[in-house]
Amino acid sequence: MALVEVKVPDIGDFDEVAVIELLVKPGDTVTAEQSLITVESDKASMEIPSSTAGVVRELRVTLGDKVKEGSVVLVLEAAGAAEAPAAAASEPKQPLPSVDGSKSATESIPVVAAVTAVAAGPVEVHVPDIGDFKDVTVIEVFVKPGDAIKVEQSLITVESDKASMEIPSSHAGVLKELKVKVGDKVNIGDLLAILDGAASQPSPQPSPASGRGSESTSAPMIAPASGRVNESPAARAATPAPAAAGAGRGEGGLAAPHNPTAAPVGLPHASPSVRKFARELGVPLEELKGSGPKGRITESDVQAFTKAVMAGATQTRAQAAKAPAAPSGDSGAGLGLIPWPKVDFTKFGPVERKEMSRIKKISGANLLRNAIMIPAVTNHDDCDITDLEAFRVSTNKENEKSGIKVTMLAFLIKACVAALKKYPEFNSSLDGDALIYKQYFHIGFAADTPNGLMVPVIKDADKKGIFQISQEMGELAKKARDGKLSPAEMSGACFTISSLGGIGGRYFTPIINAPEVAILGVCKSTMEPIWDGKAFQPRLMLPLSLTWDHRVIDGAAAARFNVYLGQILGDFRRVLL
């Protein structure tokens, strides 16, 4: 084992940039290309990776330090490190992206494409050459149609998993049309905007720096050998255009109390890793005030905000907008109720406290709202599935080699689609005093996971067969158990089925998943003696519990829906009618 100093590589022609984030600590084991620190200039921030693998023995930088090419970041204890310097010396240095926005060196990021003078009139602004990258994500948009744009004024921010940077305008004028939005993927040459107005001046082209060669190669915005992939655009939240970077933020110290009704404090000031962490937790960065240098939002700020929201000590702006005004006095959740009892359970015996999972906290709030706001009624019924179960078992035996196991829930989904088509009010949603009748059939099904209940959605179930539905259900259920379901895979349902499967129980009253107007609860089927007019016959009976919104559906319609659903399950040929 030997000690190796890891230094700041060549990241372009710059003087000094600030360390804004430490991603490792002494004792950590790091791999080659693992990010160690985040540095930032006034134009971009990026993560500095390790040049070798090993165990961190000493950090040589702290938050706020200024570093430049060759500055020692940390000391690693690395196996076989003695051979590494010699090997590294024989290879040409791979320049990393500039982080100070400088345009005087060929290795730095050329943030503005070279253009020629253009006469007044419509002008197209394209993504310039910002290095060897593909499909980076737009995370912020700073302008809107009608804004007066100056040369070099920032239009958008793009981000990879290693760095984020602002893309400026190559021309001046009035923004006529913006061609991108938050979440879009862009590449070199993509059209960003169309400007109208005064004759635009060409923006300067990077000139070669002395001693650096004359090759016109641009440094990659995404650091080499990065194996990480950008997150889905659906996970990103739109951020407001800033009045000024860091406006309304303190210069360090403790952040001011969160006020969800206040106007946005400006462009969120955070590194790519903190932005990614916030997106994973669903935290709106524009509502946070950072405690880091120059008001920078740190990972601890995101964690503190999340804990405060979960504990009910604060609200996001979206929650505050939806929350009803609380009446005067201590009324309990604004509903005129007495306060929730506070009990010291330790007085009665030993206890153990465990925090609820994030999924249970989120779903709990939705369930409470739905249970209180919806005048729900539940109809209970039984249906004979003896013949359908025999058909299901024989089908699985015949198709054993396919690897697809057909479940009763797949038949239930197809049967519900048929019932929704016959009774379209069950496939509607309230919108003020109007009803929205959906012409599509997306069926949600409750999936039990280690983290709580989740509801994946089978899209366009009317266009899919039993085998396709069974296969898709298995894939979605596995994603739910692994915590990998995307928001898109849990949205858009018209009707939900909550099945307890073979667990047990007879009937229950499921809570409607708003904005749907009905939900079907299914319990374990049991063999029962059923009178056929001459004798009692053993029949497999499936208990059904249909909960419906009385504002939209009346009792007679609900009874007809349940009866028709039972008829289909009793003779599945009816789905063809």
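Q: What do the side chains of Lys-179 and Glu-177 form where they meet?
A: They meet in a salt bridge, at 2.8 Å from N to O. Keep in mind that this is a predicted model.

Q: Okay, and is Lys-179 buried, partly exposed or exposed?
A: Lys-179 counts as partly exposed, because its relative accessibility is 36%. Glu-177 is partly exposed too, with a relative accessible area of 32%.

Q: How many salt bridges does the structure hold?
A: There are 19 of them in the structure.

Q: Tell me about Glu-77. Which residue does it pair with in a salt bridge?
A: Its partner is Arg-57, and the closest N and O atoms are 2.5 Å apart.

Q: What about Glu-472 and Lys-464, what do their side chains do?
A: The side chains of Glu-472 and Lys-464 meet in a salt bridge as well, with 2.7 Å from N to O.

Q: Are Glu-472 and Lys-464 buried or exposed?
A: Glu-472 is buried, and Lys-464 is buried too.

Q: Remind me, what is a disulfide?
A: A disulfide is a covalent bond between the sulfur atoms of two cysteines.

Q: So take Cys-494, is it buried or exposed?
A: Cys-494 counts as buried, because its relative accessibility is 0%. Cys-523 counts as buried as well, at 3% relative accessibility.

Q: Now the whole chain. How much of it is buried?
A: Buried residues make up 42% of the 577 residues.

Q: How many helices and strands are there?
A: The chain has nine helices and 27 strands.

Q: And what share of the contacts with a separation of 6 or more comes from residues 24 or more positions apart?
A: Residues 24 or more positions apart account for 66% of those contacts in the chain.

Note on methods
Residues are numbered from 1 along each chain as its sequence is written. This is a predicted model: local features need pLDDT of at least 70, side-chain atom pairs count only at pLDDT 80 or more; totals for chains, interfaces and linings use all residues. Side-chain values use heavy atoms; hydrogens and water are left out. Helices (H or I, at least four residues) and strands (E, at least two) are DSSP runs, numbered from the N terminus. Buried means under 20% relative accessible area, exposed over 50%, partly exposed in between (1.4 Å probe, protein chains only). Contact means heavy atoms within 4.5 Å. A salt bridge is a side-chain nitrogen of Lys or Arg within 4 Å of a carboxyl oxygen of Asp or Glu.
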